[in-house]
Every structure is written in structure tokens, then in C-alpha cells.
Amino acid sequence: MTTPTLVARGVRKRYGDTQALDGLDLEIAPGAIHALLGPNGAGKTTAVNVFATLTRHDEGEVTVAGHDVRRSPRQVRAAIGLVGQATAVDDKLFGRENLVLFGRLHGLSKAAARQRAGEQLDAFGLAEAADRKVSTYSGGMRRRLDIAASLMTRPRLLFLDEPTTGLDPRGRNEVWEMVRRSAAAGTTVLLTTQYLDEADQLADRITILGAGRVIAEGTSAQLKGNIGGDRVIVTARTPADLARMAEVLGGQADPEQLRLVVEGGTTDRAADLISAVRELDAAGIEVDDILVRRPTLDEVFLHFTEPSAESAGAKR
Ligand code: ATP
């Protein structure tokens, strides 16, 4: 069995009256992309800060790359890279200079820093922009340079805090591609994000946090499977039809989009679709469109976080 790159067991952290982490357990396999999702205040940032030795936890055990974060913080720091919300690169410097500087600050020789910077610029499509000032970069390029900087030291574990916040769709795709390639090259990634599609796109496993502990964990498919069968989506022609459909089939109506979302009653998607069509036909309701699809990660997120969001509120 391979040793996990990160192991957290029963981690607790309190700030005054707030129990930010309340018995967090987490394991991340080497080379995996693991997403940490959760509503505001769930404890994502606190967890990353504990794992990255920036915050001391009160109780529990955390090891990163085999080192205990409390007993061996220096070894942990040498094994990780951290890309936060604010960019770490300097606007006034060229892209290449930024990487070389970062490498030098982390103990690489001049020659090693230059060589590694060149490799990183090539690997992540920044070679052409290498000798331009960062102030001329797009948001996506800047973010990629930021990630490239944190990869200069070949960290075993890279923490990415909401890596695509504020980027346009093209920038997001570029960053996603970069994260995938880094993981394929052997870097384990812990990604915190509010974007469910980001976790869906990138993560091998997803942990949903609520009120400082794990409320659900698995692959995207497993989490979706946990919340029941497929969804039958019916589009109505008129608001009156939509209301009648909801009476016949149940489910959740979205009057704005004239759509009804019905949770499939069986594990057989074709049977769910056919029975919905039959019931609508028997009731004499015409539909504009009908389809069956798997639950989205948004639905998973709402399903798991709603009850614990209430208990989190009660705690404060
Ligand atoms: P967000 O998505 O908003 O960043 P989060 O999941 O990262 O949220 P944390 O920032 O870890 O959540 O916060 C968890 C809880 O701990 C919150 O209730 C927050 O107010 C509280 N908290 C975090 N840091 C501190 C601090 N330094 N002092 C006091 N309370 C804190």
C-alpha cells in the first residue's frame, strides 16, 4: 500500500467561541487531485492553514509527506507549495525573473533556478511571454505563473486556494489544464474551491466540509450516486402546464425556466423516463422537452450542506 501524502485525524481548532475544525479526518493519496468543498465558514481555509503549518491546531494529528506538522514544521514546509488568493509574483519583473527569484529564495543555485524556470515556462505555455513584464499578462497567465513559481521546488503537495476565482472561462481552462499536468507529473494537489464544476472537472476525490468536519467524501460519481437516482427534467410549454406537471410528478418546479426536476424513483434511468412520459400523457399534458441526467455536483452540495449549515449557525 502506498503511504498517503497527507493524513489528518481528529483535527480540532477553536477560535474563541468558534469551533473552526471539529474532528476533521482526511487522507490524500500520492499524485491525486483532492478537492475540499464547503460553504463559507466551513473550515476550508483553517484546514489548509493547519496542513501548511501556518496555524497550530488544538487537537488531532496531521502528517504531510510523512512529517508531523507540529513536530517537524520545517520538513513539512520543504515538501509543500502554497498558492493563495493574492498573487505572489511581482508585476514589475519579467515572468522568467519571477521564477528564478522564487527558486533562489527557496535555496536553488543560480544555475538550477534558471534551468528549472526554463522547464516550467516551457511546460506551462509561458515560454513566449517569459521575457515580458508580468504587468502585461492576462489574469490566467498570471495565475499560471503563480502556480509555476510554487512548483519551482518540486513540492510533494501543492495547496491551491480557489485557483480560478476571477478568471474568465478561457483562463479557467488554462489553469485547469496546468493543474492536471502538474498532477500527472506527480505533484499531489489539494484544491479548495467554491466552484462545484471545478471540483467536478479536476478532482479524483472530493471532500465536502460542513461546520469543521467531513460531511461527505468520495469521487464525484459516488457523491452524485449517494443522493439518489438520476433526475428527470421536463420543460413545460406554459406556466399552467408546469404547475400541473408538478402535481402529477412531484419534484421541484423552476418557473423562470419552465422546468421541473424530478428525482428518479428507481436506479433504471430509462424506466424513470418512461414512467414520467406515461404519467404526463395520461394527464394530457404536453411537454416541450424531457430528458434524464445524473445529479449535478450543485445538487450534491446542497443536499449535504443544508442540514449542517443550520447546525453551524446554531453553534455561533
Ligand atoms: P470561506 O469559504 O469563507 O473562506 P472557510 O471554509 O475557508 O470559509 P474558515 O475561514 O476556515 O472557513 O473559517 C471557519 C470558521 O472559523 C469561521 O466561522 C470563521 O469565522 C472562523 N475563523 C477563521 N479564522 C479565524 C480567526 N483567525 N479568528 C477568529 N475566527 C476565525
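Guide: Happy to. This is a predicted model, where local features need pLDDT of at least 70, side-chain atom pairs count only at pLDDT 80 or more, and totals for chains, interfaces and linings use all residues. Residues are numbered from 1 along each chain as its sequence is written, and side-chain values use heavy atoms, with hydrogens and water left out.

Visitor: Why is Val 76 called buried?

Guide: Buried means under 20% relative accessible area, exposed over 50%, and partly exposed in between, with a 1.4 Å probe and protein chains only. Val 76 has 0% relative accessibility, so it counts as buried. This residue lies in helix α2, residues 73-79; helices are DSSP runs of H or I with at least four residues, strands are runs of E with at least two, and both are numbered from the N terminus.

Visitor: What does Val 76 touch?

Guide: Leaving out residues up to four places away in sequence, Val 76 touches Phe 51, Thr 53, Val 64, His 67, Asp 68 and Val 69. Contact here means heavy atoms within 4.5 Å.

Visitor: What makes β4 and β5 a pair?

Guide: Two strands pair if DSSP finds at least two bridges between them. Two bridges join β4 (residues 59-64) to β5, and these strands run antiparallel. In one of the bridges, Thr 63 has Asp 68 of β5 as its partner. Both strands belong to an open sheet of four, in the order β2-β1-β4-β5. Its edge strands are β2 (18-28) and β5 (67-68), as each pairs on one side only.

Visitor: How do you know that the buried residues of α9 line one face?

Guide: The buried residues of α9 (residues 239-249) are Asp 241, Leu 242, Met 245 and Leu 249. Seen down the helix axis, they fall within an arc of 100°, so they line one face of α9; the arc is that of the directions from the helix axis to the C-beta atoms. Turned away from that buried side are the exposed residues Pro 239, Ala 240 and Glu 247. Among the elements covering the buried residues are β11 (231-236), α10 (269-282) and β14 (287-293).

Visitor: What makes Arg 172 lie over the face of Tyr 195?

Guide: A charge sits over a ring if NZ of Lys or CZ of Arg is within 6 Å of the ring centre and within 35 degrees of the ring normal. Arg 172 is at 4.4 Å from the ring centre of Tyr 195, and it lies over the face of that ring.
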